[in-house]
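Morning, everyone. Please bring up the sequence and the model, and we'll go through a few contacts.

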Amino acid sequence: MEKFYITTPIYYPSDKLHIGHSYCTVATDTMARYKRLRGYDVMFLTGTDEHGQKLERIAKGQGLTPKEYIDKVVVGIKELWKTLDISYDKFIRTTDDYHVKTVQRIFKRLYDQGDIYKSTYEGWYCTPCESFFTEHQLVDGKCPDCGREVEKVKEESYFFRLSKYQDRIIKYMEENPEFLQPNTRQNEMINNFLKPGLEDLAVSRTSFKWGIPVEFDPGHVVYVWVDALSNYISALGYDTEDDSLFQKYWPADVHVVGKEIVRFHSIIWPAMLMALDLPLPKQIFGHGWLVINGGKMSKSVGNVVDPNVLVEKYGVDAIRYFLLREIAFGQDGNFNNEALIQRINSDLANDLGNLVSRTVGMIQKYFNGTLPEAQEPTEFDADLVETAKNTVPKIENSMDKMMFSDALIELWNLIRRTNKYIDETQPWILIKEEAKHAMLANALYHVAESIRIISVLLQPFMPNTPTLIWKQLGIKEGTWESAKEWGKLPKTLSVQKGNVIFPRIDMKKELEELESAIKASQATSIANQGKKEEKEEKEEKEISIDDFFKVQLKVGEIIASEKVKKSDKLLRNEVKIGDEVRVIFSGISKWYSPEEMVGKKVVVAYNLKPRKMMGEMSYGMLLCADDGADKLSLLTLDKDIPSGADIS
Ligand code: MSP
């Protein structure tokens, strides 16, 4: 049996995962399901990337050890994958003992063979991206990848001889145009990174502890990307006593990754593998981002959409369908509530749901639920059969290129063709004449057979819908191959009407509800609170200490500030609070200019419900003293305390 090894990136358990993360995993899952249906022996790996300075800081901010904090988040990640029907075969955590040991062995081997050497690193580090940058790589002094603040780092470090592999990687890419997909990413890597010249990479850190210790020099922890990338082979038991999975599945058939981490996967990872004398993965597929109003969905911007909210409202299959259909894999795509509801109504309720329910309904009404054998062809049959037959290779062709959206377009062509066939054959007219009942049976048989083929082809994309259809049609699951043959339905078909598979949604009413559900989940995510709604408190003159501690106060550092055009009171501030940057509006432009604001360490009411101001959300409040007359003073700190620190 041919093998197929596919991976998602391993996720940072830094917060609840959002629909952007889910996008990558749903796509990978769809491919894994497709390959299984095609008879491959599939290994689908996902997991969590649990080391690094970022996680150490977040955990500290919550008064937890990194492991305590991460264990909590990982539970939520696994639950989310269950909710989204992600059929992974293995979940790796980089804190797993076997992974730690493999990384230590890899590091030692590269050191022993001279691919890693000790020196001093001096440059810039972006903690959210866990990336090193030289001065000239920064854009306006900020991280070129995420635009956030970088930190100056000077420390003793081990270096990996990345530069040594530069020419081999270029040659490999040029000789293997399939290696990095879509093609444009390959040009970007060659022209922007490889040709200008690679520098050796700092692969250890000494300024924090939360990482895999370098075994022979424990003051150093392994750079988190070297640790993380190794997961793809450590998960298979590489360099252990039982490396049978590694022997069977390596090299990976495809690493599915987001576009911002293509660089790590197509340059650092191949160089590491070359140094280890291992074959390279057959393909890296760099998909695009789910964006909201043109910007990447991200927690610090406060525009994340919680997949749980969507699944609860519309069901997992509808969400999977939307993600796969709406956005061409490889390109960025806008996430938009209206588009989601529109797709559910038109493609799922109208085209697919309606096709199934009216077919089953007619078989019940006209034949008491049992379609008889007697058949007489109609003039419309041949075209429907032809369309169904042609659909399968078209879908296969699109899936081979990971073009999920194209595959679904082909499938929906067949769905729409089948609906058209009903309109052409007009069963409601045929029923009126006894002489045409054999023709009617034939027409409904054709529709049912087409639905059977559609349901088989739907399986990788929407894991639950096919079963619902089979139940109504009274048939059992079908193999992918069975979709290639026309006429596999039982001779006599006994149907059973069930619930509507995709009910229509009232767009206007639903849009409002959906928007407020998403906002509510954003507010809880930002304030990092539990799900329970707090009861309204009665106004009291005195409050208990517990009440007081309900207000989370934190130190924030103003990193940008500007006057709001249409307001004479408001300043729009960007406030760094530990690891995140929030937008907070403040009605103080009468007392402070934007220039005066920048650089101030201030007191932020951190868990205030976000509210819309001048068309944009504001996440928190800056505390001020106000004499009730004409004076106002921003509360600042008189000692240098890092942003993100708790105030109590
Ligand atoms: N831990 C690293 C990956 C190490 S792999 C050896 C990492 N983690 S992440 O949690 O930040 O991101 C995981 C994946 O989610 C990335 O591929 C990233 O592109 C993807 N996405 C995060 N936000 C996204 C969108 N808004 N849209 C699409 N994908 C996005 O990077």
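How many residues apart are K509 and E513 in helix α19, and what does that mean in helical turns? This is a predicted model, by the way. The two are four residues apart, so about one helical turn separates them. They form a salt bridge, with the closest N and O atoms 3.7 Å apart. K509 is exposed, at 52% relative accessible area. E513 is partly exposed, at 35%. Salt bridges with shared partners also build a network: E326, R343, D347, D351 and R416.

Now helix α4, residues 97-112. K101 pairs with D97 in a salt bridge, 2.8 Å between the closest N and O atoms. Again, four residues apart, so about one helical turn. K101 is partly exposed, at 41%.

Next, a salt bridge between K313 and E510, at 2.9 Å from N to O. This pair links distant parts of the chain: K313 sits in α11, E510 in α19, 197 residues apart. K313 is partly exposed at 30%. E510 is buried, at 11%. In total, the structure holds 43 salt bridges.

On to helix packing. Helices α11 and α12 pack at about 120 degrees, axes 7 Å apart. That makes α11 oblique to α12. L310, V311 and Y314 of α11 meet V316, A318 and I319 of α12. By class, that contact has six nonpolar residues, no polar and no charged ones.

Last, L273 in helix α10. Its relative accessibility is 0%, so L273 counts as buried. Beyond its neighbours within four places in sequence, L273 contacts W250, L278, P279, L280 and P281.

Notes. Residues numbered from 1 in each chain as written. Predicted model: local features only at pLDDT ≥ 70, side-chain atom pairs only at ≥ 80, totals over all residues. Heavy atoms only, no water. Buried < 20%, exposed > 50% of the residue type's maximum accessible area, 1.4 Å probe, protein only. Contact = heavy atoms within 4.5 Å. Axes fitted to C-alpha atoms, helices over the stretch in contact; angles between N-to-C directions. Parallel < 35°, antiparallel > 145°, perpendicular 65-115°, else oblique. Nonpolar A, V, L, I, M, F, W, Y, C, P; charged D, E, K, R; others polar. Salt bridge = Lys/Arg side-chain N within 4 Å of Asp/Glu carboxyl O.
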